[in-house]
Amino acid sequence: AWSEIPLAPPDKILGISEAYVADANTNKINLGVGAYRDNTGKPIIFPSVKKAEQVLLELEKEKEYTGITGSKKFQNAVKNFVFNNSNKDPNGKQLIDSGRIVTAQTISGTGSLRVIGDFLNRFYTNKKILVPKPTWANHVAVFKDAGLTPEFYAYYETSKNDLDFENLKKSLTSQDDGSIVLLHACCHNPTGMDLTVEQWDEVLQIIQDKGFFPLIDMAYQGFASGNPYKDINLIRRINELVAQDKIKSYALCQSFAKNMGLYGERTGSISIITESADASKAIESQLKKLIRPIYSSPPIHGSKIVEIIFDEQYNLLESWLSDLDKVVGRLNTVRSKLYENLDKTNYNWDHLLKQRGMFVYTGLSSEQVIELREKYSVYATEDGRFSISGINDNNVKYLADAINAVVNK
Ligand code: LMR
């Protein structure tokens, strides 16, 4: 009977937003979900996106279904943007031209992870997927529900507030050959700590030695450097290895939620890099067969915005890049302001300055996070991750004072 269904716990990230809304304290601060707010605490629409929407309003003549895997125009725009670095990566271009990349529009980042999870469960022999510890709170649930078996590899040492690179290598090396390995392309969520180019090379060597299948999650492209083209070093490097036949295949989940601010439009993609054009055809047909019974086809509003922004005739690319750069600039400013206001007598906050993207990973314990919530109405996820776009000139002092009080207790 329905009455036997147990109550499920609130979502670790989105549940925080619900609790925040219910709080009557006028000083409350939401540092939970990774969604951008401006210096007045409000969400924004990128001006370039607004312009693309105006173009769309003029030009759009129908609301027909797009293809099961999205439109060719969207797929080509994504391929050129991500794999060819917008015409600047010969290896990526070669992969595209030889038909070795299958791209499908998906329901944003989560949808792309779920589709690739289902796909791998259906067609990849090894069901184990190695994910960094810690990782985005939803990763494990997505992959488990897709029938894969997630297992952690070492990534971060909370007691040192730093990457744990030696153990990262050890724990990957000790895993079964042929496992799937999840890599965060940039702005690792939740820690904001990325590998250096040299460290990536070491990891890519382990991937080759162990025959792992790399699955790259790129939700924050652009948030590390302010420029999306500079944040795809991992992809460029891996394309080089594919060109040298050292890595045969990999997959990329990508989203425009953050870097175009298209959150609720649910616009992203999954790309699978295959061994041949023939393999691509079969894989594309199977992706269609997999997607059709779940949601038929993806939504069209967000993907048309993406198509327009990448379509040279509308001249919006530069304004989008500058919108994104401003967003990232503000995040860097609040990061330093928070750092300046924190009391460093008993606690070293230097790790904050090494982290990149939408988050700081404070190192605070769940008890401290709960105290911040209960006493000061500061809402963050219990792993100590703060989504810093919730910080602005009006609340940074209040926030830092609250953290100082909790840490110095
Ligand atoms: C986050 O990590 O806060 C974002 O990716 C939003 C989400 O869906 O969890």
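## Domain organisation

Domain bounds are those of an automatic or database domain assignment. On that basis, the protein chain of this predicted model is divided into domain 1 (2-45 + 318-407) and domain 2 (65-314). The centres of domain 1 and domain 2, taken over C-alpha atoms, are separated by 26 Å. To the contact between them, domain 1 contributes 26 residues and domain 2 contributes 25 residues.

On the side of domain 1 that touches domain 2, helix 12, helix 13 (351-354) and strand 11 (359-361) each supply at least two residues. Helix 12 gives the most to this side, with six residues. By class, the residues of the side of domain 1 that touches domain 2 comprise 13 nonpolar, seven polar and six charged.

Pro190 belongs to the loop between strand 7 and helix 8 (197-210).

Seven strands form an open sheet with mixed pairing, in the order 2-10-9-8-7-3-4. Strand 2 (101-107) and strand 4 (149-154) stand at the edges; each has a single partner strand, so one side of each is left without a neighbour in the sheet. On average, and with direction ignored, neighbouring strands of this sheet are turned by 25° against each other.

Within the sheet, strand 9 (residues 250-255) and strand 10 (residues 267-273) are paired in the antiparallel sense over six bridges. In this region, Ala251 stands opposite Ile272 of strand 10. Helix 9 (residues 233-243) lies across strand 7 (180-184), strand 8 (213-218), strand 9 and strand 10. The direction of helix 9 is at about 155° to strand 8.

The buried residues are Gly302, Ser303, Lys304, Ile305, Val306, Glu307, Ile308, Ile309 and Phe310.

The loop between helix 11 and helix 12 contains Asn315. Although Asn315 is not a glycine, its phi is positive, at about 55°. Asn315 is exposed, because 11 other C-beta atoms lie within 10 Å and a residue with 12 or fewer falls in that class.

## Arg335 in helix 12

Arg335 is found in helix 12 (residues 317-341). Is Arg335 buried or exposed? Arg335 counts as buried, because it has 21 C-beta neighbours inside 10 Å and the threshold for burial is 20 or more.

When neighbours within four places in sequence are left aside, the contacts of Arg335 are Leu352, Val360 and Ile388. Val360 is 25 residues away from Arg335 along the chain, yet their C-alpha atoms are separated by 7.8 Å.

## Further backbone features

A cis peptide bond with omega near 0° also links Lys133 to Pro134. Pro134 is placed in the loop between strand 3 (128-133) and helix 6 (139-145).

Ser108 has phi near 55°, a positive value in a residue other than glycine. Ser108 is found in helix 5 (residues 108-123). With 26 C-beta neighbours inside 10 Å, Ser108 counts as buried, whereas Asn315, which also has a positive phi, is exposed.

Note on methods:
Residues are numbered from 1 along each chain as its sequence is written. This is a predicted model: local features need pLDDT of at least 70, side-chain atom pairs count only at pLDDT 80 or more; totals for chains, interfaces and linings use all residues. Helices (H or I, at least four residues) and strands (E, at least two) are DSSP runs, numbered from the N terminus. Two residues are in contact if their C-beta atoms, placed from the backbone, lie within 7 Å. Two strands pair if DSSP finds at least two bridges between them. Axes are lines fitted to C-alpha atoms, for helices over the stretch in contact, and angles run from 0 to 180 degrees between N-to-C directions. Ala, Val, Leu, Ile, Met, Phe, Trp, Tyr, Cys and Pro count as nonpolar, Asp, Glu, Lys and Arg as charged, and the others, Gly among them, as polar.
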